[in-house]
Amino acid sequence: MKDDMEIRILAAASGLTELPAEFYPGIRFNLDLLRSYGALVEGLELSDRLEPAFEYEP
């Protein structure tokens, strides 16, 4: 399965050689959640002008 291969590749890159298959659904959920957060942040429109936070004092 494609999803399983991605998880195995990421696990190997992290030094995890034995990752039980029962963890795959949770890992898949977390990967999808992180990707959705990444897409949300990437989609934010930022002002061209930087302004300090309200009542900011250095």
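1. A salt bridge is a side-chain nitrogen of Lys or Arg within 4 Å of a carboxyl oxygen of Asp or Glu. Glu6 forms one with Arg35, and their closest N and O atoms are 2.3 Å apart. Glu6 sits in helix α1 and Arg35 in helix α2, 29 residues apart, so this pair links distant parts of the chain. Helices here are DSSP runs of H or I with at least four residues, strands are E runs of at least two, and both are numbered from the N terminus.

2. Some ground rules. This is a predicted model: local features need pLDDT of at least 70, side-chain atom pairs count only at pLDDT 80 or more, and totals for chains, interfaces and linings use all residues. Residues are numbered from 1 along each chain as its sequence is written, and side-chain values use heavy atoms, with hydrogens and water left out.

3. Now the whole chain. The protein chain has 2 helices and 0 strands. Its C-alpha trace spans about 50 × 25 × 15 Å along the principal axes. The radius of gyration is 19 Å, whereas a compact globule of 58 residues would have one near 10 Å. That radius is taken over C-alpha atoms, and the globule rule is 2.2 Å times the number of residues to the power 0.38.

4. How much of the chain is buried? Of the 58 residues, 9% count as buried. Buried means under 20% relative accessible area, exposed means over 50%, and partly exposed lies in between (1.4 Å probe, protein chains only). The accessible surface comes to about 5,500 Å², and 62% of that belongs to carbon and sulfur atoms. Such areas come from the Shrake-Rupley method with a 1.4 Å probe; for residues, only the protein chains shown count as cover.

5. Back to the charged pairs. The structure holds 3 salt bridges. Arg28 forms one with Glu6, with 2.7 Å between the closest N and O atoms. Arg28 lies in helix α2 (residues 24-42) and Glu6 in helix α1 (residues 2-13), so the pair ties together parts that are 22 residues apart in sequence. Arg28 counts as buried, at 14% relative accessibility. Arg35 is partly exposed, at 45%.

6. Arg28 also pairs with Asp32, and here the closest N and O atoms are 3.6 Å apart. These two are 4 residues apart in helix α2, which means about one helical turn separates them. Asp32 is partly exposed, at 39% relative accessibility. Through shared partners, salt bridges join Glu6, Arg28, Asp32 and Arg35 into one network.

7. Look along α2. This helix has 19 residues and reaches 27 Å from its first C-alpha to its last, close to the expected 27 Å at 1.5 Å a residue. The expected span is 1.5 Å times one less than the number of residues. Which residues of α2 are buried? They are Tyr24, Arg28 and Leu31. They cover an arc of only 65° around the axis, so they lie on the same side of α2. The arc is that of the directions from the helix axis to the C-beta atoms.

8. The face away from its buried side carries exposed residues, among them Phe29, Leu34 and Leu40. Tyr37 is also in helix α2, and is partly exposed at 47% relative accessible area.
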